[in-house]
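Work through the exercises below with the sequence and the 3D view at hand. Try each task before reading its solution.

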Amino acid sequence: MKLFRLMTYSLPLVALLWLPSSSVAQGAAQKPCGCTNQDKADLEQRIKRVEAAMKEYDALVQEWERKEKGTGESLLLNPTFRKSVQDSVWFKMKNIKIRNAVDYKAETDATCKVTIDPAASACLRGSLEDHEAVHKKECDKNKEKDLIDWRFTQRVVDYMKEEKAGYQKELERLNDELNKQKNCPKLDRSAQQLLEQAAAQQKRLDQAQSRVGKYTKSLK
Ligand SMILES: [Zn+2]
């Protein structure tokens, strides 16, 4: 009886949880990009961070072009230069924080293998894939050179331009995802809380049903 009442109350709310997905899930187990506050915060933070990264790369390209003019030769990437460039970009990015927002990592290694954090949400996964696709394309063009790391034959300036292009692709996808979220119903704080409570209630309900199922079985 109690179970029944619980179901009647929680169903309309639970139905709200299954809002139309705004993007196709990448993997079967991946939840689609949804209308949650978490997804919104993640997208907004990542967009701001990506914009900051692109701005920093612009400044760094100018700086390194000046250095090249000064020395009169091409400055090629090496682990020290790469770290220095990545550190100054990350310094700008990490200062941008939106409450509860999560960021995920992705990389393309010297063999052109792309790795995306398996925990990445559906909202951010696509944009990370688009970013890494830029590196993979460049990597595939160069890997025939049969070097341990072809990157160290690349000009620092070209490496930074490639990064900026990656962030540009990423930004386009992030803005697409955020625009799709405009179709989500407006949820105020209390509605969001209700949704979260409904999800927790549904979980308890599922557990209760499975307990009832086991009990019924044992009665037979
Ligand atoms: Zn990159």
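The model is predicted: local features need pLDDT of at least 70, side-chain atom pairs count only at pLDDT 80 or more, and totals for chains, interfaces and linings use all residues. Residue numbers start from 1 along each chain as its sequence is written.

**Exercise 1.** State how many helices and strands the protein chain has, and in what order they run.

Solution. Helices (H or I, at least four residues) and strands (E, at least two) are DSSP runs, numbered from the N terminus. The count is 6 helices and 2 strands. Their order from the N terminus is α-α-α-β-β-α-α-α.

**Exercise 2.** Find which residues of helix 3 are buried, and where they lie around its axis.

Solution. A residue is buried if 20 or more other C-beta atoms lie within 10 Å of its own, exposed if 12 or fewer, and partly exposed in between, with C-beta atoms placed from the backbone. By this rule Val85, Val89 and Met93 are the buried residues of helix 3. Viewed down the helix axis they fall within an arc of 75° (taken from the directions from the axis to the C-beta atoms), so they line one face of helix 3. An α-helix has 3.6 residues a turn, so residues three or four places apart point the same way. On the other side of helix 3, the exposed residues are Pro79, Thr80, Lys83, Asp87, Phe91 and Lys94. Helix 2 and helix 5 are among what covers the buried residues.

**Exercise 3.** Locate Asn100 and Cys112, and decide whether each is exposed or partly exposed.

Solution. Asn100 is in the loop between helix 3 and strand 1 (106-108). Asn100 has 10 other C-beta atoms within 10 Å and is therefore exposed. Its phi is near 70°, a positive value in a residue other than glycine. Cys112 sits in the loop between strand 1 and strand 2 (114-116). Cys112 has 17 C-beta neighbours inside 10 Å, so it counts as partly exposed. Cys112 also has a positive phi, about 75°, although it is not a glycine.

Note on methods. Two residues are in contact if their C-beta atoms, placed from the backbone, lie within 7 Å.
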